[in-house]
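Here is a short briefing on one protein model and its ligand. Look at the sequence and the structure first, then read the points below.

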Amino acid sequence: MMDTAQTNPVAIVTGGESGIGRACAIALGKSGTAIALTYFRDAKAAETVVGEIAATGGRAIAVQADVGREDAVEALFAQTEAAFGTVTRLVNSAGLNMSGTMIGDMTLDQFDRVVRSDLYGPFLTCRRFVRGLGASGTGRIVNISSIHERAPRAGGVDYDSAKGGLAQLTATLALELAPQRIAVNGVAPGMILTPMNQSAIDDAAELARKEAAIPWGRAGTADEVATLVQFLLSDAADYITGTTVTIDGALSLTVAQGA
Ligand SMILES: NC(=O)c1ccc[n+]([C@@H]2O[C@H](COP(=O)([O-])OP(=O)(O)OC[C@H]3O[C@@H](n4cnc5c(N)ncnc54)[C@H](O)[C@@H]3O)[C@@H](O)[C@H]2O)c1
């Protein structure tokens, strides 16, 4: 799917060293978008993604960044602009899963850790993206949320609060930025087989049990999410903004069944 919205699109993909971010970086990089992908700790994994994009003739760099830190986000954009020019596409995929701790036992540090990566991160990158475009630049943003932006899980007050906030960040920015033709959408995956679900990948019984709860009968793949993200970033999605697209095999529709 070629991005025709501009001749030389430039994208930042956070969390690009792993899972959904990795798949997005590769899909976009292979179709002509210059990519700056961020990594948190795994420089080697990030360089592998860069190599995979370069092998197809694409352009990519890997930048270490903690997206929850203002100075790191500033440095990420500065480095990307120096390499490729103005950033016109943004995919916020970096994030941590829930701690699994009930509120009575949750420390402020635990809560802060997830909210910083999953909500402050997109706030900081979206803000810098808009500033970088200036008053006349147009662009497109996709925030990777989760079906847990709406469906709560006990033990997920950190994650569910962050993703719920992200849904409103997405909608609010879409309204603010529509006059400038900056589109902002969310993608809410269900169960996707990435390192975030490593225990199910490693344990066939756990995977079978979890997949049995998904009406579509299987978990999703990072490539399937990347295909959707690529569409939302493309010219063909021009009139779509302010919405979150669920990709979950109908998992999120199973709440309140059987009671
Ligand atoms: N896998 C799923 O089933 C699933 C379901 C719903 C939503 N999501 C969301 O999709 C996104 C990607 O998750 P994934 O499945 O690819 O998991 P993943 O663990 O493979 O990738 C997440 C990446 O984010 C990075 N990261 C975490 N905190 C960071 C920070 N503060 N700064 C920079 N990088 C940071 C991690 O290092 C990792 O590379 C996340 O936002 C996650 O909440 C995933």
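Where is the place of A250? A250 is in the segment after β7 (244–247); strands are DSSP runs of E with at least two residues, helices are runs of H or I with at least four, and both are numbered from the N terminus. This is a predicted model, in which local features need pLDDT of at least 70 and side-chain atom pairs count only at pLDDT 80 or more, while totals for chains, interfaces and linings use all residues. Residues are numbered from 1 along each chain as its sequence is written, and side-chain values use heavy atoms, with hydrogens and water left out.

**The ligand and its surroundings**

- The ligand is surrounded by 26 residues, and the closest are S18, I20, Y159, I192 and T194; a residue belongs here if one of its heavy atoms lies within 4 Å of the ligand.
- This shell divides into 13 nonpolar, ten polar and three charged residues. Ala, Val, Leu, Ile, Met, Phe, Trp, Tyr, Cys and Pro count as nonpolar, Asp, Glu, Lys and Arg as charged, and the others, Gly among them, as polar.
- An N or O atom in the side chain of Y159 is 2.6 Å from an oxygen atom of the ligand.
- For I20, a backbone N or O atom lies 2.8 Å from a ligand oxygen atom.
- For S93, a backbone N or O atom lies 3.0 Å from a ligand oxygen atom.
- On its own the ligand has 820 Å² of accessible area, and the protein covers 92% of that; the areas come from the Shrake-Rupley method with a 1.4 Å probe.

**Positive phi angles**

- Most residues other than glycine have a negative phi.
- R181 is not a glycine, yet has a positive phi of about 60 degrees. R181 lies in the loop between α5 and β6 (182–189) and is exposed, with a relative accessible area of 62%; exposed means over 50%, buried under 20%, and partly exposed in between (1.4 Å probe, protein chains only).
- A250 is not a glycine either, and has a positive phi of about 75 degrees. With 26% relative accessibility, A250 counts as partly exposed.

**R116 and D238**

- R116 lies in helix α4 (residues 108–133) and is partly exposed, at a relative accessible area of 32%.
- R116 and D238 are 122 residues apart in sequence, and 30 Å separates them in space, C-alpha to C-alpha.

Methods
Polar contact = N/O pair within 3.5 Å; in protein donor to acceptor, adjacent residues only side chain to side chain.
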